[in-house]
Amino acid sequence: MKSQLKVLVADDARQNVELLAKHLARMGHTPILAYNGVQAVQLFETEAPDLVLMDVMMPEMDGFEAAKRIKALCENRWVPVIFISAQGQEASIVEGLETGDDYLTKPINLAVLRAKIRAMQRIAGLQQLITDKADELERYYYRAKEEARVGSYIMDHIVNTPGLRDALFHYWISPAEDFSGDLVAAARTPGGVLHVMLADGAGHGLSAALNVLPLTQIFYSMTEKGFSLPTIVEELNHKINVLMPVDRFVSTVLAAIDTRENTIEIWNGGNPAPVFLNTAGEILYTWESMHLPIGILKRDQFDSRTDVFHWDEPGELYFCSDGLLEAQNPQGEQFGRERMTDTLSRTPQTARFPTMLNSLTGHLAGRSAHDDVSLIMVTIPRQNENTEVAESTHSPSNAVGAPAADQWQLKLSFGAKELSYLDAVPLIMNIVEQIESIKAHVNPLFLIISELFINALDHGLLGLESNIKHLPDGFEKYMDLKQARLSSLTQGRIHLGLEHTEKYGAPMLEIHIQDSGAGFNHPEHMNKELGTIESAHGRGIGLVRSLCTKLEYVGNGNEVKAYYTL
């Protein structure tokens, strides 16, 4: 309440009114004078005083009734009413305190009145502070509500992408607050490899959600262009390291499931170990965290090496955030890793995912988990079960006789240094897919170029033998050997040429790749029909042949030309 007040004085005795008016003026306040209850109510409406001194016994309307009407006019503003009356009976005092805010009996002790007014000022000050804080909280509430609405809209549109509806992919997220700091993402590369990401931002709620939001665009755009898992995770780490404070790291696991090569490639930085079970419930492989969460290390300190596993039998791959393992029941017992794996192992394959969720719900017993909880299941099919999907993306006969498009050429050459760190095929495709006539053919062309380019690198320059993959843990040995030879590569070159031309009576893309290596035994692979190859390996050239109008190797196999009908 202000230090200088407007005080309404209501009393039918003029001398009382004048005495109070003089006393109030000496205190620095402004008196407003009324001589009955009706006049007091009218002046309250027009003058809006800060304090009311009200006699009880007055003509036309007594003080109690006038006070009730004044209180009704106050709405959200608190205006104290002090009754001043010659009636000192208990009943009158009780009614006065119930109707107003204080009660003084005549004759008035001016010192007591002065103290009462100051007390009312202090109370009013506290009342105003409470009102201001309440208004501030209300504004904060509506602002937070609007931010939550916009944030939820953005999160829904970022998270709910077509990749999450992949036939092999199932997931469940339970946020601890309005926003989830866990992010689930899934998408296919142009070559049909399924990329999966589970990111767990440090903290809870909106701050944790903001940690993981920058990851989505990078993950989806780089997957769409066909970049490898190590290249993607390097970029994710760099983005978080640059954008976020040092304590805003993100525990992340990324996976690449290649149903053509029958491989699961995983990078795990700070998340619980993904687990792969066969249909019988046996745990075939786990991927413990071998790296720090993304965002902690600088680019030159970061390790993007992945762990690759080749499967020979179908099953399911499970990921979870640490919120699932740390979820506590009413007794404080955590759900735990052992309970998770036991539940998965002893449950029939078709019921594992819902049974896992039911087990967690039963463990929580109606309580909410203290952290965001995420669970992902990826169905791992039988060998080459859906290879036919990738192979049927192109039908060259439909384009025969179409008018020739504008001719163009693209020539690139990669030396040993560039090959040691560049993810070359996505970079090539990023250029090519901008051309209008290519846009409808990106997926099959990615398969063709990547297969031929990888053959040139692996077999031509690095001298790797495919039969290594047939050994126990052969695929892992193959990848380790490739990384070792690639990191020590000091000489060698791969030339790539793309030419849009007219050939065999149709618009054609000629793909020409040549390496400086010793070549490889290409006739062995060229003479095999794709449908007759039982192994998961060695199907690449057969797949390329099925997609191209013509495929031909020259000399010792270090030069190849493929013709694709547009």
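User: Where is N262 found?
Analyst: In this predicted model, N262 is found in the loop between β9 (250-258) and β10.

User: Buried or exposed there, for N262?
Analyst: N262 is buried, because its relative accessible area is 0%, and under 20% counts as buried.

User: What about phi at N262?
Analyst: Phi is positive at N262, about 60°, although N262 is not a glycine. Most residues other than glycine have a negative phi.

User: And what is phi at A365?
Analyst: A365 has a positive phi of about 55°. A365 is not a glycine either. A365 lies in the loop between α10 (352-364) and β15 (373-380).

User: Ok, α10. How do the axes of α9 and α10 cross?
Analyst: They cross at roughly 140°, and the axes come within 9 Å.

User: Parallel or oblique, then, for α9 and α10?
Analyst: Oblique. Angles over 145 degrees would count as roughly antiparallel, so the roughly 140° of α9 and α10 makes them oblique. The crossing of α9 past α10 is right-handed.

User: Which residues of α9 and α10 meet?
Analyst: From α9, R339, M340, T343 and L344. They meet R352, T355, M356, S359 and H363 of α10. By class, that contact has 3 nonpolar, 4 polar and 2 charged residues.

User: Where is Q331 placed?
Analyst: Q331 sits in the loop between α8 (322-325) and α9 (337-345).

User: Is Q331 buried or exposed?
Analyst: Exposed, because its relative accessibility is 67%, and the cut-off for exposed is over 50%. The C-alpha atom of Q331 is separated by 9.7 Å from that of L364. Along the chain, Q331 and L364 are 33 residues apart.

User: Switching to rings. How many aromatic pairs are in the whole structure?
Analyst: A search finds 13 aromatic pairs. One of them is W267 with F302. That pair is tilted, with 5.5 Å centre to centre and 35° between the planes.

User: Where in the chain are W267 and F302?
Analyst: W267 is in strand β10 (residues 263-269). F302 is in the loop between β12 (283-286) and β13 (307-310). They are 35 residues apart, and the pair links distant parts of the chain. Both W267 and F302 are buried.

User: What about the rings of W287 and F309?
Analyst: Their planes are at 85°, so the pair is edge-to-face. The ring centres are 6.1 Å apart. This pair also links distant parts of the chain. W287 is in the loop between β12 and β13, F309 is in strand β13, and 22 residues separate them.

User: Why does W287 count as buried, and F309?
Analyst: The cut-off is under 20% relative accessible area. W287 counts as buried because it is at 1%. F309 counts as buried because it is at 11%.

User: Which cluster do ring pairs link F309 into?
Analyst: A cluster of F276, Y285, W287 and F309.

User: Back to helices. At what angle do α14 and α15 pack?
Analyst: About 80°, with the axes 11 Å apart. α14 (residues 442-461) and α15 (residues 474-487) are therefore roughly perpendicular to each other.

User: Which residues of α14 and α15 make the contact?
Analyst: α14 brings I454, L457, D458 and H459. α15 brings Y478, K482 and L486. By class, the contact has 4 nonpolar, 1 polar and 2 charged residues.

User: And how do α2 and α3 cross?
Analyst: α2 (residues 37-47) and α3 (residues 63-74) cross at roughly 15°, and their axes come within 9 Å. That makes α2 roughly parallel to α3. The crossing is right-handed. On α2, the contact is made by G37, A40, V41, F44 and E45. On α3, the contact is made by A66, R69, I70, L73 and C74. Those residues divide into 7 nonpolar, 1 polar and 2 charged.

User: Which peptide bond is cis, with omega near -5°?
Analyst: The one from K106 to P107. Most peptide bonds are trans. P107 is found in the loop between β5 (102-105) and α5 (110-159).

User: Last one. How many helices and strands in the chain?
Analyst: 17 helices and 20 strands. The chain has 566 residues, and buried residues make up 50% of them.

Key: Residues numbered from 1 in each chain as written. Predicted model: local features only at pLDDT ≥ 70, side-chain atom pairs only at ≥ 80, totals over all residues. Heavy atoms only, no water. Axes fitted to C-alpha atoms, helices over the stretch in contact; angles between N-to-C directions. Helix = DSSP H or I, 4+ residues; strand = E, 2+ residues; numbered from the N terminus. Parallel < 35°, antiparallel > 145°, perpendicular 65-115°, else oblique. Left-handed = near helix turned anticlockwise from the far one by under 90°. Contact = heavy atoms within 4.5 Å. Nonpolar A, V, L, I, M, F, W, Y, C, P; charged D, E, K, R; others polar. Phe/Tyr/Trp six-rings, centres within 6.5 Å; stacked < 30°, edge-to-face > 60°. Buried < 20%, exposed > 50% of the residue type's maximum accessible area, 1.4 Å probe, protein only.
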